[in-house]
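Work through the following exercises with the sequence and the 3D structure at hand. Each task is followed by a stepwise solution.

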Amino acid sequence: MMNMFSLQDKMNLKYLNKIEFWVVSIIYGFSVLILISNGSETYHEIPYEFEKEHVEFSYLSNYFLPELFRYSLLYFSFLLLNFCCLPALYKKRNTGLNLFIIAVVYFFSGLVLSIVQTYSKAYQLVQYDNIEEAYNQIFFNSFAYSAWLILLMAIYFGLKKLSLALTEDQEEGSNKQMKMEIVFGAAFWFTGVLIFVATGAPLDVFLCWSLVVTACIFLTIYSVYYLIPAVLNQQKNFRTYYGKATMITLILAVPIGIIAALASGRGELFFIVNLFHIPAQLLISTQLAMYVYKTRHHTEEQITSLKKELGKSDANLGFLKSQINPHFLFNALNTLYGTALQEKADRTGEGIQKLGDMMRFMLQENMQDKISLSRDIDYLNNYIGLQKLRTSTTVDILINTEIEEQFTELEIAPMLLIPFVENAFKHGISLQSPSHIKVTLQTKNDILYFDVHNSIHLKADNDPEKLKSGIGLENVRQRLKLFYPNKHELIIRESAKEFFVHLTLNLQKNK
């Protein structure tokens, strides 16, 4: 189980890395597009600083190319540090090499930023007494800015690892998965914040990003874990889900807009934020939630199917090892041989026929997921019949069966009933002491009622069955949970001299 959790955590980390890569890439692409589209506006705003200092301004060399280099530097530095160097340092692999790479990134980014500054802030050069002092100040600021960026990326990586560590516990099920998805959402938000802070984006952009992404995280998680399951449990279609998701989006638009307007002091931001919020929820969050739910539901069905196959295989193997073992076959054959000497043909033929039917059942029908209840009862009767032949010469053994013979077209998972009977004969029969076994089985309205009541006898030390536990009641419990979840009731009572099993099983097919 620990290995399964470890594998799941690795898959979650890989998923998180993909999200980080695409978020940073999308933000980088949008930043370049905004840089290109805002060229005409920038041409009227930035040149003013140059004109005041009587410095010639070029849109290409003093604005577009420096900003493009700065965005690109941030983008590729983040990819290199977050996905290569910092993870390797965290795992203590190639420490010297990765520290060297980080140092190279620091000096290279500081150098590039300083050169970029000499073009984008060229009007500041004339404010110093000499050009050497101006370059020294620009280089110092650039390297300090580079160090701050690397530190910020390291802090982000540390926070990400801390968040993942908080979810790497023994908690199972949807709670752990929800924690992981909240971590993914927080990583998505923080990655955007990191880029916006590094590029000097205005407060309005940061505010809009935080509000919209927070709403996206909430609506996606709420839809996956609550809204979609509730809609499906009410047997409604997915159009109902989209309608409710739209209603939630419109309701959220009011507080989001108010928060944006109050925080910025600009009333128009109410509408600007909602121009991003409403399309983001309807086109991204609702579709993403539907995709995640369908994918997870399909995966859970596959896991359940694999568990059933595994449970069936374990039961088959356990049955072959414990039920049909050399000791049992030796007793059965000895019984048949003794009967043949006494009566020559009749009872011998009966015993051989029963044993043949049992072997045929094991080799053929036992490999199916479901079989006819009548065939499973035939196997049960054959087993009891053989045991009666073996114990017929002992008068103190009472075996009573009340098994219903007429069944409708009901089906059952093979070998769910026989373990209880096998345990009854194994622990309830003694050739030296009075013993009793009672087996009853009946069906009513597709519900099977099965009871086994037997005496208990301790095995002799030289009995080969003493150290064998058979298929085990725990194995039967697991198979019942897999094949009949919420459709069975198993009651087991034991005293010093008696053992009682009551099983109620709903055999109605799912519609």
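**Exercise 1.** Determine the strand order of the five-stranded open sheet and find what stands at its edges.

Solution. Step 1: the order is S2-S4-S5-S7-S6, with mixed pairing; strands are DSSP runs of E with at least two residues, numbered from the N terminus, and two of them pair if DSSP finds at least two bridges between them. Step 2: S2 (397-403) and S6 (488-494) each have a single partner strand, so one side of each lacks a neighbour in the sheet. Step 3: on average, neighbouring strands are turned by 5° against each other, direction ignored; axes are lines fitted to C-alpha atoms, for helices over the stretch in contact, and angles run from 0 to 180 degrees between N-to-C directions.

The model is predicted: local features need pLDDT of at least 70, side-chain atom pairs count only at pLDDT 80 or more, and totals for chains, interfaces and linings use all residues. Residues are numbered from 1 along each chain as its sequence is written, and side-chain values use heavy atoms, leaving out hydrogens and water.

**Exercise 2.** Describe how S4 and S5 pair.

Solution. Step 1: S4 (residues 435-444) and S5 (residues 447-455) are antiparallel, over eight bridges. Step 2: Thr443 has Leu448 in S5 as its bridge partner.

**Exercise 3.** Which strands does helix H13 lie across?

Solution. Step 1: H13 (residues 373-391; helices are DSSP runs of H or I, at least four residues) lies across S2, S4 and S5. Step 2: H13 runs at about 165° to S2.

**Exercise 4.** Is Asn82 buried or exposed?

Solution. Step 1: Asn82 lies in helix H4 (residues 59-90). Step 2: its relative accessibility is 3%, so Asn82 counts as buried (under 20% relative accessible area; exposed is over 50%, partly exposed in between; 1.4 Å probe, protein chains only). Step 3: neighbours within four places in sequence aside, Asn82 contacts Glu20, Pro87, Tyr156, Phe157 and Lys160 (heavy atoms within 4.5 Å).
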